[in-house]
Each structure stands twice: as C-alpha cells, then as structure tokens.
Amino acid sequence: MESLDAVSSEIIGAIAIADSLDVLEAIRIDALGKKGRISLMMRELGGMNAEDRRVAGQTLNKVKDDIANAIAAKQKILAAAVLNERLEAERLDVSLPSRPETDARLHPLSRTIEEVIAIFGEMGFQVAEGPDIESDYYNFTALNIPPEHPARQEHDTFYLPVDAEGRRKVLRTHTSPVQIRTMESNDPPIRIIVPGRTYRSDHDATHSPMFHQCEGLVIGDGIHMGHLKGCLIDFCRAFFGVDDLPVRFRPSYFPFTEPSAEVDIGCTRQNGALKIGAGDDWLEILGSGMVNPRVLENCGYDPEKYQGFAFGMGIERIAMLKYGIPDLRTFYDSDLRWMRHYGFLPFDAPSIHAGLSGGGV
Ligand code: PHE
C-alpha cells in the first residue's frame with residue numbers, strides 16, 4: 001500500500017491549488033471514484049486480518065472524509081467564483097444610451113382601410129366580412145348577373161376547378177356578394193361596409209390580380225338617392241381632407257343597382273402633377289346606385305317596403321390618389337425602402353375628420 005499520509009497530502013494539496021470545478025472533479029474521481037486511489041485502498045482492507053482491518057479502516061475512513069470535506073469546501077469557493085465572474089461579465093450599465101429601434105410602418109393599404117372604417121364608423125356603419133372563395137350564386141346570380149350576362153365577361157373571373165357537385169366556385173371579383181350574405185342573415189335596417197380582398201385576372205400598372213375593395217350597403221324604410229349622395233359626398237370630403245371637394249354623380253350601369261352612378265371627384269392636372277380639389281378635371285373613384293329591386297327580392301325583401309343604396313370602391317385606387325403612389329404593383333412588392341417612404345407610423349393620428357366636421361355632422 002502506498003504511504004497513506006503521502007497520498008492524502010498529495011490529494012489535499014491538489015485540491016488546494018485546483019483552479020476550476022473541472023479540475024476539482026477530476027481530483028475527486030481520481031481519489032474517491034470507483035477506481036480512485038482511496039477506493040482501491042479501501043478494497044485492500046478485505047485481505048487483512050480483523051485487527052489490522054480495524055485500525056487501517058479507521059485511518060482510511062478519516063482520510064476519505066477529510067478529502068471529501070476538502071473537495072466540498074473547495075467546490076463552494078470555486079462555484080462562488082464562477083458566479084462572481086458571470087455577474088461581473090454581465091454587468092449592465094444602465095446609463096448607456098439604448099440602441100436605436102427600427103420603427104415599423106403601417107402599410108398604406110392598412111392605413112387607408114382604417115381611415116375608411118373610421119369615417120363610415122362615425123356615420124353609424126358596421127364592418128361586415130365574407131369569404132374570398134365564393135359561389136357563383138353570391139358573386140353573380142343573386143346580384144342580378146345571370147349566366148351569359150355580358151357583365152360576367154368584364155370581371156375577368158378566376159374560376160376554381162369543378163367540385164364534386166359539378167359547381168365551379170370563384171375567387172370573388174368584388175365585395176358585393178357580402179351585400180347578399182348580409183341581407184340574407186339580417187333584417188333591415190342595415191348599414192354596413194365591407195373592406196376585403198378581391199380578385200381579377202388582370203395585371204398592369206393600375207391592375208393587380210389581387211386587390212382590395214370596400215363595399216357599402218344601406219337598407220331601410222324610405223332610403224333614397226339623396227341619402228346616397230349625402231353619404232358619399234361626406235365620405236369623399238372627409239377621406240381626401242378637402243372640405244369643398246367637388247363631387248359629381250355620373251349615370252352608369254351595374255346589374256345590381258338601378259339607377260347607378262359613378263362618383264367622380266374634382267382635380268387639376270398640372271405638368272403631370274395631380275391635385276385633388278376644385279379644378280377643371282374629374283377623377284372616377286367609386287361605383288354606386290340604388291339597390292336593384294330584383295336583388296332585394298333575391299334576398300327575400302319586399303322592394304315596396306325597403307329600399308337602399310350600395311357603393312363599392314377600390315382601396316388601392318383611393319390610396320394611390322390620396323398618397324401619391326404612382327404604381328399599384330408596388331403595394332405588393334414588400335420593398336422595405338418603399339414601406340419606409342409610403343408607410344405610416346402606427347401612432348400618427350389619421351387626418352380623417354376634415355370633411356365630416358366641415359359638413360356639420
Ligand atoms: N361591385 C362593383 C365593382 O366591383 C362596384 C359597386 C358596388 C357598384 C356597389 C355599385 C354598387 O365594380
């Protein structure tokens with residue numbers, strides 16, 4: 001047997017100078033592990049006679065305890081040192097200036113939709129929604145656009161594959177199907193707007209296969225063209241922030257409204273620059289009309305009792321006009337430089353009340 005004293009003081013000495021928990025653990029295994037030096041000595045006790053074993057055993061146990069205690073004590077010291085080192089390294093200097101945050105921007109389309117909702121919200125409209133994938137019935141037939149009607153051609157419809165029942169669903173070409181859905185499941189009076197995505201197979205600087213519209217529908221007792229005009233004049237003035245904005249109603253045709261009117265706003269064009277407001281030119285911004293009695297009947301309403309008006313506008317178009325965005329395709333390019341230029345800080349107060357307060361509402 002090695003001299004126990006020599007082994008013991010060598011181990012205790014190693015513990016004293018151990019400078020990391022890893023080194024300490026290696027010492028522990030080397031001394032007290034299964035095949036450690038002290039453990040092996042313990043095993044040798046088995047071959048001794050009873051008296052020798054008693055004496056050697058006592059000494060060995062004491063050495064073993066001393067080593068274990070020394071390791072435990074050193075472990076505490078080293079663990080504390082590790083903690084201190086970490087605290088030192090992670091020290092926070094709260095007096096340092098903060099890193100600049102990149103502030104996010106609201107997409108002009110989100111902002112425009114918010115503005116439209118805010119304006120109509122003040123007039124008592126509620127927001128309604130419907131599915132992007134529509135049945136032929138809601139997108140066309142119920143809106144008085146039967147199969148073979150020429151208006152269907154104008155919609156450049158995206159058709160889905162024929163389903164199990166032999167029907168072809170469509171990507172809705174306008175938000176007008178939500179008029180039908182709302183009338184079917186609600187009783188008058190109705191006053192809704194429907195902002196949402198719409199789809200047409202068309203792609204150039206002013207058309208995108210996916211775009212946004214906002215529909216409007218008012219149904220009640222005794223609703224007439226005067227209501228339609230007042231509501232839309234107020235909206236246009238509020239939205240563009242021009243109190244005396246000229247608004248013109250031009251006769252038009254939609255299968256689901258009768259009579260129908262296209263709504264134009266006044267503008268001037270000088271050296272290619274467009275200015276919205278009084279001037280000698282006009283810009284078309286939305287379609288509108290009195291709800292066709294056939295559409296009311298399709299929804300189970302008695303046209304003798306209820307009348308209403310509807311309108312629909314392209315969100316991209318009014319956003320381009322209000323914010324001077326020249327190319328519609330850029331709305332969907334996800335170009336951060338574009339967003340930084342045309343986007344809005346979320347906390348910018350929307351300037352939407354000029355027309356409504358100006359109109360005395
Ligand atoms: N749905 C029409 C379109 O997409 C717009 C419209 C809506 C016109 C409601 C009149 C009334 O062109």
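C236 is buried in this predicted model, with a relative accessible area of 0%. The closest cysteine sulfur to that of C236 belongs to C231, 9.3 Å away, which is too far for a bond. Around this pair, the protein has 13 helices and 11 strands. Its radius of gyration is 40 Å, well over the 21 Å that the globule rule gives for 361 residues, so the protein is more spread out than a compact globule.

**Cysteines**
- C231 also counts as buried, because its relative accessibility is 9%.
- Seen from C231, the closest cysteine sulfur is that of C236, and the 9.3 Å between them is too far for a bond.
- A disulfide needs two cysteine sulfur atoms within 2.5 Å, and the count by this rule is zero.

**Overall dimensions and contacts**
- Taken along the principal axes, the box filled by the C-alpha atoms is roughly 120 × 55 × 40 Å.
- Of the contacts between residues at least 6 apart in sequence, 66% join residues at least 24 apart.

**Burial and surface**
- Buried residues make up 41% of the 361 in the protein.

**Charge**
- The protein carries 53 negative and 38 positive side chains.
- The centres of these two sets of side chains lie 5 Å apart.

Notes: Residues numbered from 1 in each chain as written. Predicted model: local features only at pLDDT ≥ 70, side-chain atom pairs only at ≥ 80, totals over all residues. Heavy atoms only, no water. Helix = DSSP H or I, 4+ residues; strand = E, 2+ residues; numbered from the N terminus. Rg over C-alpha atoms; globule rule 2.2 N^0.38 Å. Buried < 20%, exposed > 50% of the residue type's maximum accessible area, 1.4 Å probe, protein only. Contact = heavy atoms within 4.5 Å. Lys, Arg positive; Asp, Glu negative; His and termini not counted. Charge placed at Lys NZ, Arg CZ, Asp CG, Glu CD.
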